[in-house]
Amino acid sequence: MRFRLPITVIGLVLGFHALGMWKLYGFWHWYDMPMHFLGGVAMALLAWATWDMFVRDIKFTVRYPAAKRVAFMLWLVGFTAIIGIGWEWFEFGFDRFVLPTLQGWAPAQASITDTMADFFFDLSGAGAVSLLRRKV
């Protein structure tokens, strides 16, 4: 996989996020859920492209024949998890340091339940992408 598809999907996710910031997050309370799922898909596609660039041609010499497949799935989910954690830290910092200076904006992190749901949808998107690849 080349980087064209991940960059396109990341651009689409950012575009839908911009629409959400404009009105949709407030209009549809559930808009955050598909955004995190699609963000997970985008980050997993980016992880897939980096795997193909750096790891695909490496021969795994272990007794377990599916070791490379398992490593691939862990790479996609782990990469997406790290990016998701960074995003949640960004939201936390935004709520603590920027939001008090703005009027009429709702917090990005309403509760710990919201944060855990965000992680769930991030990782669900990565899991969906990891199931797409048959041969690693």
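Author: Phe90 and Phe94 both lie in helix α3, four residues apart, which is about one turn of the helix; helices here are DSSP runs (H or I, at least four residues), numbered from the N terminus. The model is a predicted one, in which local features need pLDDT of at least 70 and side-chain atom pairs count only at pLDDT 80 or more, while totals for chains, interfaces and linings use all residues. Residues are numbered from 1 along each chain as its sequence is written, and side-chain values use heavy atoms, with hydrogens and water left out.

A pair of aromatic rings is described by the distance of the centres and the angle of the planes. Rings of Phe, Tyr and Trp (its six-membered ring) pair if their centres lie within 6.5 Å, and planes under 30 degrees apart count as stacked, over 60 as edge-to-face and the rest as tilted. The structure holds six aromatic pairs. One of them joins Trp48 and Phe72, whose rings are edge-to-face, at 5.7 Å centre to centre and with 80° between the planes. Trp48 lies in helix α2 (residues 32-54) and Phe72 in helix α3 (residues 67-98), so this pair ties together parts that are 24 residues apart in sequence. Trp48 and Phe72 are both buried, where buried means under 20% relative accessible area, exposed over 50%, and partly exposed in between (1.4 Å probe, protein chains only). Together with Trp51, Trp48 and Phe72 form one aromatic cluster.

Returning to Phe90 and Phe94, their rings also form an aromatic pair, which is tilted, with 6.4 Å centre to centre and 35° between the planes. Phe90 is partly exposed, with a relative accessible area of 46%, whereas Phe94 counts as buried at 19% relative accessibility.

Helix α3 is also the place of Glu88. Leaving aside residues up to four places away in sequence, Glu88 touches His36, Gln109, Thr115, Asp118 and Phe119, a contact being heavy atoms within 4.5 Å.

Pro6 and Trp48 are 42 residues apart in sequence and 8.8 Å apart in space, taken from C-alpha to C-alpha. Pro6 counts as buried, at 0% relative accessibility.

Conventions:
Helix = DSSP H or I, 4+ residues; strand = E, 2+ residues; numbered from the N terminus.
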